[in-house]
Amino acid sequence: MSPRPVLRGAALLGPALVAIVLVTSCGSGSDAPADAAAPSEAGGAFPVTIEHAFGETTIEEPPQDVVTWGFGSTDAALALGVVPVAIPFQEYGGDEDGVLPWIAEELDALGAETPTVLPAGEEVPFEAIAAGQPDVILANYSGITQEDHDKLTAIAPTVAYPGEAWTTPWRDVVTTVGQALGKAEEAADLVAETDRAIADTAAGHPELQGKTVAAVWDTAGTFYVYEAADSRVEFLTDLGLTVAPSVGELSTGESTFYYTLSYERVPELTSDILLSYASTQEEADAFAAQPYAQTMEQVTGGHHATLVGDELIAAVSPPTVLSLTWGLDAYLDALSAAV
């Protein structure tokens, strides 16, 4: 898949972790039962036309075989009761088969077998996708290019992201997937229900409301700062936090969802709360002990929250309709302690 500092792919975490974070890999698992993948009873909703970054895609009839690529589209389809015939391998946070825990739980709840898992790698596996004989390809949160989209469209109608690569808000992923599957009304209800669940949980942490936050990842000698457009940052604002002004003021514009900052300038990244990500506690401790980290007032003042563990980080990098509430209590506890 593409860069996304967990990044999820190349840019989620940073070059070294990048490949770990987002990448999809060799698939295994058996095909989902045909009836489990039946997407819609609302055949009258078709044809539907969906606009995206590369134009528009028209889906003539309810798709029966769905392939997902990127991040979040699998989750949205499953949450709407549709089991794709093929899904991406998720190395970061996934099990040995490349399946994320909340996806595995949802498949179990649906009584469905694991779909075919697509080969790993940043490059789109066109042949493997074609082998699934999809009626539609959902890449709503991905990094596909115009060329990728054209090749995928030769296989089946393909829905790309609406704006910039790797920045589609989870709500938009759900509503667009719902439209593509003929489940627009169910998708709207799902978004509303999820918003209520988040709001109810956040209400239990009034101390977070209005506090400014900067989300970062220090890995492989590079300090990443996540932009306001990043989905994980949007999730923080959903919890009542606001993006620290320094995040925008220091931005280099090198990416739509993150930028790198020299260690000499990290003291300028001021905020009420500093949220950093780390795969292990050892990694978290190492960052906090670095001389440059000790120049940050959040670290020295006890306002530094750390999210530790690949699964928890993957759940918010970026968040999806299934991962939003997965581990949410641990997430909020860490933020609350930093206040």
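Ser323 touches Trp102, Ala315 and Pro318, leaving out residues up to four places away in sequence; contact means heavy atoms within 4.5 Å. This is a predicted model, where local features need pLDDT of at least 70, side-chain atom pairs count only at pLDDT 80 or more, and totals for chains, interfaces and linings use all residues. Residues are numbered from 1 along each chain as its sequence is written, and side-chain values use heavy atoms, without hydrogens or water.

**Ser323**
- Ser323 sits in the loop between helix H12 (310-315) and helix H13 (328-338); helices (H or I, at least four residues) and strands (E, at least two) are DSSP runs, numbered from the N terminus.
- Ser323 counts as buried because its relative accessibility is 0%; buried means under 20% relative accessible area (1.4 Å probe, protein chains only).
- The Ser323 side chain reaches the backbone oxygen of Ala315 at 2.6 Å.

**Helices H6 and H7**
- The axes of H6 (residues 170-180) and H7 (residues 184-202) come within 7 Å and cross at roughly 160°; axes are lines fitted to C-alpha atoms over the stretch in contact, with angles from 0 to 180 degrees between N-to-C directions.
- H6 and H7 are therefore roughly antiparallel, a term for angles over 145 degrees.
- H6 contributes residues including Trp170 and Val174 to the contact, and H7 residues including Leu190 and Ile198.

**Ala86**
- Ala86 lies in strand S4 (residues 86-87).
- Ala86 is buried, at 3% relative accessible area.
- Beyond neighbours within four places in sequence, Ala86 is in contact with Val66, Val67, Thr68, Pro115, Thr116 and Leu118.
- Ala86 and Ala128 are 42 residues apart in sequence and 8.8 Å apart in space, C-alpha to C-alpha.

Notes: Buried means under 20% relative accessible area, exposed over 50%, partly exposed in between (1.4 Å probe, protein chains only). A polar contact is a pair of N or O atoms within 3.5 Å; within protein, one must be able to donate a hydrogen and the other to accept it, and residues adjacent in sequence count only if both atoms are side-chain atoms. Angles under 35 degrees count as roughly parallel, over 145 as roughly antiparallel, 65 to 115 as roughly perpendicular and the rest as oblique.
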